[in-house]
Amino acid sequence: MAISILVVDDEPLLLEFLRAFFEDEQFRVVTAATGEEAVRRLVAEQFDVVLTDMVMAGIDGLEVLRQA
């Protein structure tokens, strides 16, 4: 089974770049464009790795990890 990564970033181009990069390396990638979306995804399923932007509007990356 592929390692699953949740990538969280409010910058659409960077989010897409990271998704494509990790998928090319055979990782399973789920993305979230906001901290709130990331928390919902973390409640719904488990990930092996969370890669998050630390500075976002609303819930920032550190708060995402606290709530996970």
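In this predicted model, strand β1, which spans residues 4–8, runs parallel to β3 and is joined to β3 by four bridges. Within this pairing, Val-8 has Thr-52 of β3 as its bridge partner.

The pairing belongs to an open sheet of three strands, arranged in the order β2-β1-β3 with parallel pairing. Strands β2 (28–32) and β3 (49–52) form the edges, each pairing on one side only. On average, and with direction ignored, neighbouring strands of the sheet are turned by 20 degrees against each other.

Two helices accompany these strands. Helix α1, formed by residues 12–24, packs on the sheet and touches β1, β2 and β3; the direction of α1 makes about 170 degrees with that of β2. Helix α2, formed by residues 35–44, lies across β1, β2 and β3 and runs at about 135 degrees to β2.

The interior may be considered next. In soluble globular proteins, nonpolar side chains tend to be buried together. Here the largest nonpolar core comprises eleven residues, including Leu-6 and Val-8, Val-30 and Ala-32, Ala-38, Val-39 and Leu-42, as well as Phe-47, Met-56, Ile-59 and Val-64. At least two residues of this core come from each of β1, β2 and α2, and α2 gives the most, with three residues. One member of the core, Val-39, is in contact with Val-64 and Gln-67 when neighbours within four places in sequence are left aside. Apart from this core lies another, of six residues, among them Ile-5, Val-7, Leu-15 and Val-29.

Note on methods. Residues are numbered from 1 along each chain as its sequence is written. This is a predicted model: local features need pLDDT of at least 70, side-chain atom pairs count only at pLDDT 80 or more; totals for chains, interfaces and linings use all residues. Side-chain values use heavy atoms; hydrogens and water are left out. Two strands pair if DSSP finds at least two bridges between them. Axes are lines fitted to C-alpha atoms, for helices over the stretch in contact, and angles run from 0 to 180 degrees between N-to-C directions. Contact means heavy atoms within 4.5 Å. A nonpolar core is a set of buried Ala, Val, Leu, Ile, Met, Phe, Trp, Tyr and Cys residues joined through side-chain atoms within 4.5 Å. Buried means under 20% relative accessible area, exposed over 50%, partly exposed in between (1.4 Å probe, protein chains only).
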